[in-house]
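Okay, thanks for making time, everyone.

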Amino acid sequence: MSTNTSQGSLLNPRMLYREMPAAFKKLNPVTLFKNPIMFVVEVGAALTAVLAINNSSVFSWWIVLWLWATVLFANLAEAIAEGRGKAQAESLKKARTQTLARKYAANGEEIAVASSELTIGDIVICESGDVIPSDGEIIEGIASIDESAITGESAPVIREAGGDRTSVTGGTRVLSDRIIIRITARAGETFIDRMIALVEGATRQKTPNEIALNILLSSLTIIFLLAVVTLQPIAIFSNASQSIIVLVSLIVCLIPTTIGALLSAIGIAGMDRLVQRNVLAMSGRAVEAAGDVNTLLLDKTGTITFGNRRAVAFFPVGQVAMPELLKAAYLSSYADETPEGKSIVDLARDLGVEKISPLPVDHESIFMPFTAQTRMSGCDLDLHGVVSKFRKGATSSIVAWLSETDGETPSDLQEKVEEISRSGGTPLVVASELAGMRVLVGVIHLKDVVKPGMRERFEELRKMGIRTVMITGDNAITAEFIAREAGVDDFLAEATPEDKMNLIKTEQLGGRLVAMAGDGTNDAPALAQADVGVAMNSGTSAAKEAGNMVDLDSDPTKLIEIVQIGKQLLITRGALTTFSIANDVAKYFAILPAMFAPAFPGLQRLNIMHLSSPHSAILSAIIFNAIIIIALVPLALRGVRYRPASASSMLARNITIYGLGGLIAPFIGIKAIDLLIQLIPGLG
Amino acid sequence: MSSTYATVITDIAVLLALGMAHVPLGDYMAKVFTSKHHFKFERLFYKAVGVNPEVEQSWKTYAASLLSFSAVSVLLLYGFLRVQSWLPPNMGMKNVSPSLSWNTAISFVTNTNWQNYSGESSLGFLAQMAGLAVQNFASAAVGLVVAIALIRGFVVHNKDRIGNFWVDFVRATFRILLPFSVLAAVILMANGVIQNFASPHVVHTLAAGVQNIPGGPVASQEAIKELGTNGGGFFNANSAHPFENPNPFTNWLEVVLLLLIPFSLPRTLGKLVGSKGQGRAILAAMAVIFLGSLIATTAFEIHHSGAALQLAGSAMEGKETRFGIGQSALFATATTSTSTGAIDAAHESFTPLAGGFLMFNMMLGEVTPGGVGSGLYGMLVIAILTVFICGLMVGRTPEYLGKKLRPREMKFAALYILTTPAVVLIGTAVALSNAGARKSISASGPHGLSEILYAFTSAGNNNGSAFAGLGGNTTFLNFALGTAMLVGRFVPILLVLGLAGSLAEQGHTPATQGTLDTTKSLFIGLLISVAIIVVALTYLPALALGPLAEGIR
């Protein structure tokens, strides 16, 4: 489950060898029937084999061989895609090993129960070192937990009762403390069980787009089947009747075998790519929907911004000079463990506070934490009995603190404070008390800092036709400022869960698909309503149930990657379909003259590749048709290269590579194969 | 060289006329089908049939109305032909045989107008006017309303109604086809097309022979024959007959008439979906293939091989000296590209490769620009196919004109694409396996194959032109071709209506930067490629043994 699964090993000979038995097993016509295209090829292969036994020739045996190879290669493609999932499933299964759970019985006693016998609603206790027996919610306690079994991430995470980080996953390990858990999943239906089923592809259902594509491919197969079956009476009339082996070869060349062989591998690999990024999609449908998303709802905090306001500037007011403000700000915060406090210390250091006369921090100091009553924080320093105080807080509370000793409020304070507010920042006012004199020294500009690179990402999304909406609890002014700075298209300020829900519904009414990430219980309805709802693994189990994807890393920015993976999946499917259909043109030019030139010599002019003989021409087309499947397996598994761009430029690029390439490649490939196989003795 | 100039000038004159007419006509048709107003005579009609014009129908009811109307039409026409000898004015014509009546009735109701009979020697004026001419209007109107219903599928959202068949049908007939036909008939008459109820003139020739020269209400039928892309001639010689098509001007006019509505409908589409670019893209794809085929056919006609033809200067056998090579090629391309099937020259007499192109025009599914209505809905289905295949490559599940192409839509579209090739190929194969049918073929070798392949291609695609040479009036061929016409017309119509219903039920998906732009030239190019590679290449093996085997030396 680690994210660094090597991309280089997409197709190595060992893998081909390892999956060969699975590929042979898939030759069973009962299972192959689900893939109508390859089923037709298999029937053709069986038919030609029977004919070759009765009427043996070098040509017929070579055709038989390569027809079976075609089916086998298709099976191999699917087996390799599934095989990669199986390896991940193995490591997950190790985490699922039986444990003994310490269950609270009805009478309050603690009894040992096998984890497989737990049912929903059971209460269990876990202490440091215990493996959590099943999925559940913490109802009491706080613990640090090692989730590496499912996320591959070794740093422990904190889970606690109450709030949005209550859920624990079976198979993970408690590292410290003691928690009481209410079980929320039946045995066999836990998160790990679902993950295993998912990566093994056991529960894989065809997605709507895959079904639609299958319908199209099946009908193309029927058309070409008809074209070839009806060709024989026409050929007989024209005194150019064809052997069954040649007709079967023509069918196999014309039906879209390339995409038919790779279609399910593409689907499996698409899910796999998500798993590699530690995202579990509960259905393939969701992955497809991700490619279609029009509107992305992103929480401001933690997604667009770092989530914590940081100090970005100091403004002295009144008669105060900068060094004095730096010193006061530093002293008011050096013992402050909040991220805001730390950022003030950092900024003050950056501005050289330590070069200013020795700071008296080694003296006895009392930290005054922020409380709801004082609405400020700071510290008192005891310097040989002389106490100096430093405070920072909201404007009104600091002004009130000053007025206790008739300290004056400098005239330019209001101006500075308003300026910061207007720019979307938060002003924090700093004051000090030295020798009983309270002085207001300045203002700190606290700001929500947009993560680097976000603006570029939103620009990319815009190019892809995706609108980003920032969701925040901030007021409209702050929200607008951040929105502009981050480059999002729209924002929802002072958002309540209901607002969020309404926004999703409005977007959907306009025909737009919405994606969002969330973790809290109050996010659950919106996650369920969204077309793509990504729940954070750290979130509540309600949220995880509601969403159709879970991000094990709990990183909301991953929404953007998920969208790209969805698109890449669809593009790969379209590219290989186009390639497959475009291939037909060259195959016609190989096979038609080979079939009919003996009766109508003029048709030899269609043999523009100058293939050496009718038999070698037909065989070359069949061999090309088979080899191209194996050659494209890495592409199917990796997905076509995807760069965010507008639809037009993406289409132009892909059409050039896969459409035009699909027209030209077989001309070259078939000619090259012909040059080789004409050396086969007795091919004729 | 003067004939080359004449060719180019006529071709350009046709394009100019269409270029000027398609915008106002397309807008007018859009207005006709969206108007809230009913004329008095229309209300009377609705009352007579017993329908409420304000009530819209689901696709199934729409289809049921259309099918029952067409079934009644077939029965009535069949009856007419079977009893015509007892109906005045019968001109001394006998009752038509059952198999030929069946074939003819289906032929006219399906807008095919395959003629296994000879008009002047087997049908009286009443059968011609009250039977065939009425169907010329009705069958064209049916095609038109299906196209409009499909457009509605794209335009309406979250609704299971796609309009009212009877309202659409009445408006198509009385507000579009009838007035323009009257106008065209008058112009044709003024330029020498006959219109009378006279008995045949008996003429004593110089060689002391006796000729019966039949007259008849020709101009009135001629107009709708072209305008409704029907193609059933009053006379057996069709538009090669001087009473139907006396001179180069009428020839030009007839070509314009038969291309007029099909080339205007893309504009109607653009107008109704609220994006003229969408209409222009469809029009462009149609026009590019049409022009390509026209140029190829003309070129293969002028650069004929063969010693006899070289000696004669041009391949004039089977062609009218009034029109020459260029205008014959133009007429033939127009008639095979529009499912009309009228002819002003024998298609059998075209050089093999030119004849192959005429077949190819039909094999595309009659979409360049195709029949009245049927051309547009056929092209829209190919556009859906194109969007589906190529649209994936922009990384979204495909959508066209604001609608998603889900499994249900693809089922209808894929079956549509499947139907006609199945009819044509199975029909050809069955006929070639039938000893009786093989006897109807007059030529031998690849040309003989072309005769039968052409016949089923023409019937399955509802074109109606014949390659000549094939003796079609046998019980087997009457039945087989009749079935091909029936299946080739109504199965696709049902699928298109189903598609329309399925699209209408969807909500609207707004276009964004990430949506495949279906108005750009890249898409037009893809649409053309898909039409040729996916639709027409199905026939390549058969074509190889027919026209290609004959033409490539």
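Before anything else, how I sort residues: Ala, Val, Leu, Ile, Met, Phe, Trp, Tyr, Cys and Pro count as nonpolar, Asp, Glu, Lys and Arg as charged, and the others, Gly among them, as polar. Also, this is a predicted model, where local features need pLDDT of at least 70, side-chain atom pairs count only at pLDDT 80 or more, and totals for chains, interfaces and linings use all residues. Residues are numbered from 1 along each chain as its sequence is written, chains are lettered from A and ligands numbered from 1 in the order in which they are written, and side-chain values use heavy atoms, with hydrogens and water left out.

Cavities, then. On a 1 Å grid over the protein atoms alone, a cavity is a set of points where a 1.4 Å probe fits but cannot get out, and lining residues have an atom within 4 Å of a point. Points are joined across faces, edges and corners, and the volume is the space filled by probe spheres set on them.

How many cavities of 30 Å³ or more does that rule give? The count is 5. The largest cavity holds about 160 Å³. It has 15 lining residues, and closest to its centre are Gly365(B), Ser374(B), Asn461(B), Asn462(B) and Gly488(B). Helices here are DSSP runs (H or I, at least four residues), numbered from the N terminus. At least two lining residues each come from α14 (374-391), α15 (407-432) and α18 (475-505) of chain B, and α18(B) has the largest share, with 3 residues. By class, that lining is 3 nonpolar, 10 polar and 2 charged.

Now the second largest cavity, at about 100 Å³. Its lining has 13 residues, with Leu364(B), Gly365(B), Tyr416(B), Thr420(B) and Val535(B) nearest the centre. The elements giving two or more residues are α14 and α15 of chain B, and α15(B) gives the most, 4 residues. What's the split by class in this lining? It's 9 nonpolar, 4 polar and no charged.

On to helix pairs. Axes are lines fitted to C-alpha atoms, for helices over the stretch in contact, and angles run from 0 to 180 degrees between N-to-C directions. Contact means heavy atoms within 4.5 Å.

In chain B, α6 (residues 125-155) and α9 (residues 248-273) pack at about 30°, axes 10 Å apart. So α6(B) is roughly parallel to α9(B), since angles under 35 degrees count as roughly parallel, over 145 as roughly antiparallel, 65 to 115 as roughly perpendicular and the rest as oblique. The contact includes Leu144(B) and Ile148(B) of α6(B), and Leu265(B) and Thr268(B) of α9(B). Its residues are 9 nonpolar, 1 polar and no charged.

Also in chain B, α10 (residues 276-302) and α12 (residues 324-337) pack at about 140°, with axes 9 Å apart. That makes α10(B) oblique to α12(B). Among the contact residues are Phe290(B) and Glu301(B) of α10(B), and Ile325(B) and Leu330(B) of α12(B).

Last one, chain A: α9 (residues 244-254) and α22 (residues 614-638) pack at about 35°, axes 10 Å apart. Val246(A), Ser249(A), Val252(A) and Cys253(A) of α9(A) meet Ile618(A), Ala621(A), Ile622(A) and Asn625(A) of α22(A). That contact divides into 6 nonpolar, 2 polar and no charged.

Notes. On a 1 Å grid over the protein atoms alone, a cavity is a set of points where a 1.4 Å probe fits but cannot get out, and a pocket is an open set with protein on both sides within 12 Å along at least five of seven lines; lining residues have an atom within 4 Å of a point.
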